[in-house]
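Dear colleague,

I am passing on the structure we spoke about, together with my notes on it. Please read the notes with the model open beside you.

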Amino acid sequence: MSTPSTTRAARIIARCRELARITDIPGQTTRLFLSPATRDAHTLLSWWLRQAGLTPRTDDAGNLRATRRASHPDAPTLVLFSHIDTVPNAGPFDGPLGVLLALAAIEELGHTPLPFQIELIAFAEEEGARFGFPFLSSLATIGQLTEEQLARTDANGITVAQAIRNFTSAEGLSLDPDNIPQTCPLSPNTFAALEVHIEQGPVLESEDTQLAVVEAIVGQSRFELTFTGQANHAGTTPMALRHDALAAAAQWIVEVERYAANYSQLVATVGRMSALPGAMNVVPGTVLTSLDVRHPSDFSRHAAVAHLLTKAEQSGALRGVEVHAVAQAEQRAVPMDRALTNHLHQAAARAGHEARSIFSGAGHDAMILAAAVPTTMLFVRSPNGLSHHPDEDVREEDVEAALATVLNLLLHLHPHA
């Protein structure tokens with residue numbers, strides 16, 4: 001571990017940017033699940049893995065994996081992971097930073113003996129951009145990928161199962177979804193898992209802090225709301241006799257913002273709205289809108305949802321507008337493993353870095369693995385809080401701090417501690 005710190009962090013960043021040039025759409029970084037660019041990305045990653053003395057393999061969900069063996073063949077396994085798929089027109093670091101930082105940590109370890117094996121997993125699908133459903137790859141590793149999910153189709157009518165069969169790995173092998181139960185599960189002796197990821201938000205930047213240890217990934221509730229009033233002539237309908245669906249929705253949207261702003265850790269968003277019939281001279285009769293509520297406490301989230309849906313009904317009642325809400329998604333909050341979280345805080349401190357505690361407002365593969373193995377997560381500052389954008393960036397000193405923290409964790413972690 002004698003490489004100068006600035007060099008090893010800069011190398012991780014350079015590799016992320018090199019990987020970002022592998023894309024389905026020239027001129028941007030778009031790499032969807034099991035697209036042709038995925039195979040090219042696997043080829044490049046496999047070259048780096050072999051240079052590090054590792055033997056890559058692709059499981060039947062399309063995940064690229066490699067294991068640093070321990071001296072004892074029955075040694076337990078620590079998993080280091082993140083994903084390499086992207087949203088359309090993405091940046092270089094959302095996902096790949098965690099994969100390439102894990103690889104750098106293995107390279108830095110060299111032949112240093114550890115009491116456990118390290119499996120590195122580059123998940124092929126996390127974003128949900130191709131099939132409209134995220135975490136397909138990590139679900140496969142914990143035995144939770146269902147037949148219904150394998151039957152989901154993309155915009156071209158190709159199912160997940162067909163996409164798997166159509167993919168040829170970097171090793172030149174065909175994949176088979178029927179083999180997922182045999183080739184994908186985590187090793188049964190896996191005792192811990194760690195994901196390093198950019199924060200994707202502005203909190204660390206606003207506090208001038210490099211790192212954060214994730215305490216929990218917040219729960220989410222998503223709803224579609226329909227406000228139904230009465231469309232009518234804008235010139236001949238008096239204000240007092242209107243049933244304006246848009247006015248009712250607008251009042252409620254302001255209440256959503258006001259309510260969430262008064263509660264720590266709660267975020268609530270109305271991200272989509274359409275008014276019908278959508279003419280300038282017609283009182284809106286119908287409004288379709290959305291609600292996204294997130295909080296690290298499921299109890300607090302449910303209470304917020306109940307309040308906001310009640311407020312929607314009250315806003316409608318003032319104008320003779322009916323409100324109908326339909327739940328679209330419900331994701332419970334997922335705490336990270338407390339013991340591993342403490343170990344990660346201690347590792348950062350020993351490496352000379354402060355790592356504050358934080359909740360993740362976005363979903364990650366860590367929330368999937370946490371259902372099967374003790375899991376923790378390290379956030380790296382996102383300059384300007386920017387992510388899912390071509391200008392997404394990281395700072396070299398922050399990447400070095402994260403790498404030093406991960407190395408310290410690996411050197412002090414004991415499977416049965």
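This is a predicted model: local features need pLDDT of at least 70, side-chain atom pairs count only at pLDDT 80 or more; totals for chains, interfaces and linings use all residues.

Residues are numbered from 1 along each chain as its sequence is written, and side-chain values use heavy atoms, with hydrogens and water left out.

Salt bridges

Taking a salt bridge as a side-chain nitrogen of Lys or Arg within 4 Å of a carboxyl oxygen of Asp or Glu, the count comes to 20. One of these salt bridges joins the side chains of arginine 11 and glutamate 107, with 3.5 Å from N to O. This pair links distant parts of the chain, since arginine 11 belongs to helix α1 (residues 5-20) and glutamate 107 to helix α3 (residues 96-109), 96 residues apart. Helices (H or I, at least four residues) and strands (E, at least two) are DSSP runs, numbered from the N terminus. For accessibility, buried means under 20% relative accessible area, exposed over 50%, and partly exposed in between (1.4 Å probe, protein chains only). Arginine 11 therefore counts as partly exposed at 44%, and glutamate 107 is partly exposed at 24%.

A salt bridge also forms between the side chains of arginine 165 and aspartate 178, at 3.6 Å from N to O. Here arginine 165 lies in helix α6 (residues 160-166) and aspartate 178 in the loop between α6 and α7 (180-183), 13 residues apart. Arginine 165 is partly exposed, with a relative accessible area of 42%, while aspartate 178, at 53%, counts as exposed.

In the salt bridge between arginine 381 and aspartate 208, the N to O distance is 3.0 Å. Arginine 381 sits in the loop between β16 (375-380) and α13 (396-412), aspartate 208 sits in the loop between α8 (203-207) and β6 (211-217), and 173 residues separate the two. Arginine 381 is buried, with a relative accessible area of 5%, whereas aspartate 208 is exposed, with 62%. Salt bridges that share partners also join Arg8, Glu108 and Glu400 into one network.

The side chain of aspartate 94 does make polar contacts, with the side chain of histidine 197 at 2.8 Å and with that of glutamine 200 at 3.2 Å. A polar contact is a pair of N or O atoms within 3.5 Å; within protein, one must be able to donate a hydrogen and the other to accept it, and residues adjacent in sequence count only if both atoms are side-chain atoms.

Arginine 31, in the loop between α1 and α2 (36-51), is likewise buried without a salt bridge, its nearest side chain of opposite charge being aspartate 24, 7.2 Å away.

On a 1 Å grid over the protein atoms alone, a cavity is a set of points where a 1.4 Å probe fits but cannot get out, and a pocket is an open set with protein on both sides within 12 Å along at least five of seven lines; lining residues have an atom within 4 Å of a point. Grid points are joined across faces, edges and corners, and a volume is the space filled by probe spheres set on the points.

The largest pocket has a volume of about 1,400 Å³, and of its 47 lining residues Gln220, Arg222, Arg294, Ala362 and Gly363 lie nearest its centre. A search of the whole structure finds 1 cavity of 30 Å³ or more, and about 40 Å³ of space lies in the largest cavity. Its lining includes Leu45, Val99 and Leu120, and the largest share, 3 residues, comes from α3.

With best wishes

Terms used. Lys and Arg count as positive and Asp and Glu as negative; His and the chain ends are not counted.
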